[in-house]
Amino acid sequence: AELRDPLYLWNVPLLRAMRATLEGRFADGEDLAAEALAVGQGTQAQNAVWLFSIQQLALRREQGRLDEIEPALADFIERYPATPHWRTGMAYVYTELGRLSDAAVELEAAAAGDFSAFPRDGEWLSAMGMLAEAAAGVGDAARAERLLELIEPFADRNVMAGRGAASFGPAARYCGLLAAAIGRHDDAERHFAAAEELAGRMRALPALARARCDRGAALAARGEMETARPLLAGAAKLAGELGMAALERRANALAGGAPPADAAEAPGAAGAPAGRGAPAGGGVFTREGEFWTISYGGAPFRLKDSKGLRHIARLLATPGQEHHAIDLVAGNASGTPDAAAQAREAGLESGGLGDAGALLDPQAKAEYRRRLEELREEAEEAESFNDPERAARAQEEIDFIGHELAGAVGLGGRDRKAASTSERARVNVTRTIKAAVDRIGSNDASLGRHLDQTIRTGTFCSYEPDPAAPVGWRLSE
């Protein structure tokens, strides 16, 4: 009877999705989260979409793809203004994206009445954890000190959200971030070490990589580079193996002696914001045939031509100006009439184009859900009859359907649309620019960090350096 209880059927993929993401199996986490959503909706669970959204936040956090969920978070905030927890997620997203002034606004709003808007329920600790990231990121010492007082009694716990749907790692890690932000270095070291130990016991590899990197960053900030480098190298290696590209870049940059990327724009920071200070003599980004010569205050290096490098060069040439992704793909960032003609030739016209509709229509999704129910019953029956081959076949089809649903359902349970022209251009440009920044960062960590923080990708792309420290670029094509 328990196996056929709707709540039990829903909780199984829900918890499997949580565990997959916690262990760093992100592809499995994607599929299982979509399966959990389908089962939850099939059983009429009212909070299925809410829990799916929390699982997506946890996934995109580890994958370094938080920019993809910012619009959906803003939508949740608008639709549920009485629920403060989504705003804490937005404060964290802004911090990770380097938009620290926006993060500071969200943090200030959350801190009203000594954080009294947050009831001491099952979501309280995860909300405080998100705010801890923001307070440490923006350098708000007063908020950091108060948040440390609130979180420290729970330092030996793991932070869960969505009634166990997602894990955000050891609470000790947040205590370490806050202690480091207010100069309590010994406490920070103790908390980070405890976070590493707990993450290791849970086999929570992404949390282990984060705690190790944070511990190394705190030591590097104190000038203890000999102790910090092995930790940072280990964090970078683990992050790379898991596919956590943003964390890998940060750890590598710190290991090279560069200031932490998340110190950019921090109030009261000495000197220019990290990653945004102009190097003496400016930068070089010139193309000669099939190779680019690039430098940023250090030794020049050469990279083979790619679309991403060409996109970056166009953005560097026009700081502060937005370019539609279609114009970049079409090879003309000027927005002149010629761009439209080139876009038509490339099959990428931007005017008046919508999407191609939902990837799966309601009938198809209903059929998938019915088939999932049949397969689960078949798998349970096969297991009860000790027929592993039949159970494996059923599970294989369940996994396939989960994968299909993952591609058709987005954050908030909304249908994904078949890609429009604009969407295809956005995805292509974002992917190629990020790949190019990764290549640049592997040769010059400082420049990689600068571009990571100042280039905005999406439907509209731009290069936005600090106006107080503009970079003089020598460019050519």
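**Notebook: salt bridges and a hairpin**

I began with glutamate 189, which has 23% relative accessibility and therefore counts as partly exposed. Buried would require under 20%. The model I am reading is a predicted one.

Entry 1. I looked up the partner of glutamate 189. Its side chain meets that of arginine 215 in a salt bridge, with an N to O distance of 2.8 Å. The pair links distant parts of the chain, since arginine 215 sits in helix α12 (residues 205-221) and glutamate 189 in helix α11 (residues 185-202), 26 residues apart.

Entry 2. I then checked lysine 434. Its side chain and that of aspartate 67 form a salt bridge at 3.7 Å, N to O. Lysine 434 belongs to helix α20 (residues 421-443) and aspartate 67 to the loop between α3 (48-63) and α4 (70-79), so this contact ties together parts that are 367 residues apart in sequence. I also noted the accessibility of both ends. Lysine 434 is at 32% and so counts as partly exposed. Aspartate 67, at 25%, likewise counts as partly exposed.

Entry 3. I moved to a pair between strands. Arginine 302 forms a salt bridge with glutamate 288, where the closest N and O atoms are 3.7 Å apart. Arginine 302 lies in strand β5 (residues 301-304) and glutamate 288 in strand β3 (residues 283-288); the two are 14 residues apart, and the pair links distant parts of the chain. Are these two buried or partly exposed? I find arginine 302 at 46% relative accessibility, so it counts as partly exposed. Glutamate 288 is at 48% and is also classed as partly exposed.

Entry 4. Strand β1 (residues 158-161) pairs with β2 in the antiparallel sense, over 3 bridges. Which residue of β2 is the bridge partner of asparagine 158? I find proline 170 there. Between the strands of this hairpin are 4 residues, and glycine 162 takes a positive phi near 65 degrees.

Entry 5. Last, I checked the cover of strand β2. This strand spans residues 166-170 and is mostly covered, with 5 of its 5 residues buried. I kept in mind that side chains in a regular strand alternate between the two faces of the sheet.

Definitions and conventions: Residues are numbered from 1 along each chain as its sequence is written. This is a predicted model: local features need pLDDT of at least 70, side-chain atom pairs count only at pLDDT 80 or more; totals for chains, interfaces and linings use all residues. Side-chain values use heavy atoms; hydrogens and water are left out. Buried means under 20% relative accessible area, exposed over 50%, partly exposed in between (1.4 Å probe, protein chains only). Two strands pair if DSSP finds at least two bridges between them. A salt bridge is a side-chain nitrogen of Lys or Arg within 4 Å of a carboxyl oxygen of Asp or Glu.
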